[in-house]
Amino acid sequence: TQTKVEAKFVRCNSLGLQGTTLAVAHQTAKQGQPYAGLDVWDVSDYRHPKMISRLDVTGKYSRGSHYVTFTDPHWAYVTMSAPGFVPRYNSGSMADDQIFMIVDMSDPLHPKEAGRWWLPGTEASDKEPAPPRVSTFNNGLRPHTPTVFPEMPNVAWVGYIDGGWVILDISDKAHPKLITHMSFISMDHGFAHTLLPIFDKHIMIQTEEAVADNCKDWPKRNWIWDIHDLKHPYPLAIFPTPPNKDELCKMGGRFGSHNINQNRPNSPWERKLDNTVVGAYFNAGVRIVSIRNPANPVEIAYLIPAPPPANATHAIEINDVLVDDRGVIYANDRLEGGLYVLKYTGKEPLN
């Protein structure tokens, strides 16, 4: 089955599934275009999926939603534009025009906003000064990926792109509160992307995203943080840089970190990894890092598929990865390569 979007300027950017309810993030190319928001589908008959509702956030400054985490049947956590939110800085696709939103999904026919939070100083009427930007590329002070886990159900972990990253107290869904904001670690190139806490080790993996070709925005790396004290996290280590980094920088396309296997809760088909991290590195392919000693992460395997013939960058651009319960790795190419299915055969367990 394939369904079509309403217009060429709409992209379905992210998915979240609980039971037979599918949440689809709808983002538009420009502010003010229609169909911006979060769509809700009934997929009980997967051959004939049916859209049953939409949380519409179309507005003057809105581009809709970028990412949805839907791992609890009652709540969805979304990075999304919001009615009434006026960004202090506004420059098209690079605007500070999306915030963290909690959506009540208890009635899929009528999804509704339950609460919202943004980095103080990013809304036009905020009394606080605008936060400093750490990136020379100006990728925006807006959230990217929110994650919430059953080990700490009242805590949200949010990459905030050029604003660093935040940990939020969401025990009161209507009024999320800041626990921690860290912004210095992006080394002048920003784009804090995803936060993955590994609770048994009291650590957190923080990813960044490379957004420019030929290493123009290097360094873009993954970090390990100590989170014994959520109010005072500190960096333990940086993931190792591929030894042929200079060669990869000249290969074409993007090089650097991006998505990782996210240990999605309530997902019986996805393997939970506590000692290894599987990541997508664009033209550096799929790479696996051992974090058995969090203070000394070690790369144990990688694979760089051949570039697709139709790819204008002349390089592979591995964009996302997922590890299933059998240890099979799924990876996708950003441009022309489609889906890759990999099997790790190293000595160190993938766990």
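Biologist: How do you know that strand E18 is joined to E19?

Modeller: Five bridges join strand E18 (residues 286–290) to E19, and the two run antiparallel. Strands count as paired if DSSP finds at least two bridges between them, so E18 and E19 pair. Val286 stands opposite Leu303 in E19. This is a predicted model, where local features need pLDDT of at least 70 and side-chain atom pairs count only at pLDDT 80 or more, while totals for chains, interfaces and linings use all residues. Residues are numbered from 1 along each chain as its sequence is written, and side-chain values use heavy atoms, leaving out hydrogens and water.

Biologist: What makes E17 and E19 edge strands?

Modeller: The open sheet has three strands in the order E17-E18-E19, with antiparallel pairing. Strand E17 (276–280) and strand E19 (298–303) each have a single partner strand, so one side of each is left without a neighbour in the sheet. The twist averages 20 degrees from one strand to the next. Strands here are DSSP runs (E, at least two residues; helices are H or I, at least four), numbered from the N terminus.

Biologist: Why is the disulfide of Cys215 and Cys249 called left-handed?

Modeller: The torsion about its S-S bond is about -80 degrees, so the disulfide is left-handed. The sulfurs lie 1.8 Å apart, and the cut-off for a disulfide is cysteine sulfur atoms within 2.5 Å. Cys215 sits in the loop between strand E14 (203–208) and strand E15 (223–226), and Cys249 in helix H1 (residues 245–249), 34 residues apart. The structure holds one disulfide.

Biologist: Why is the pair of Trp117 and Tyr160 called edge-to-face?

Modeller: Rings of Phe, Tyr and Trp (its six-membered ring) pair if their centres lie within 6.5 Å; planes under 30 degrees apart are stacked, over 60 edge-to-face, and the rest tilted. Trp117 and Tyr160 have ring centres 6.0 Å apart and planes at 90 degrees, so the pair is edge-to-face. Trp117 lies in strand E8 (residues 112–117), and Tyr160 in the loop between strand E10 (152–159) and strand E11 (165–169). Trp117 is buried at 8%, and Tyr160 at 0%.

Biologist: What makes Trp157 and Phe199 an edge-to-face pair?

Modeller: Their centres are 6.1 Å apart, with 75 degrees between the planes. Trp157 lies in strand E10 and Phe199 in the loop between strand E13 (192–198) and E14, so the pair ties together parts 42 residues apart in sequence. Trp157 is buried at 0%, Phe199 at 15%. With Phe149, these residues form one aromatic cluster.

Notes: Axes fitted to C-alpha atoms, helices over the stretch in contact; angles between N-to-C directions. Buried < 20%, exposed > 50% of the residue type's maximum accessible area, 1.4 Å probe, protein only.
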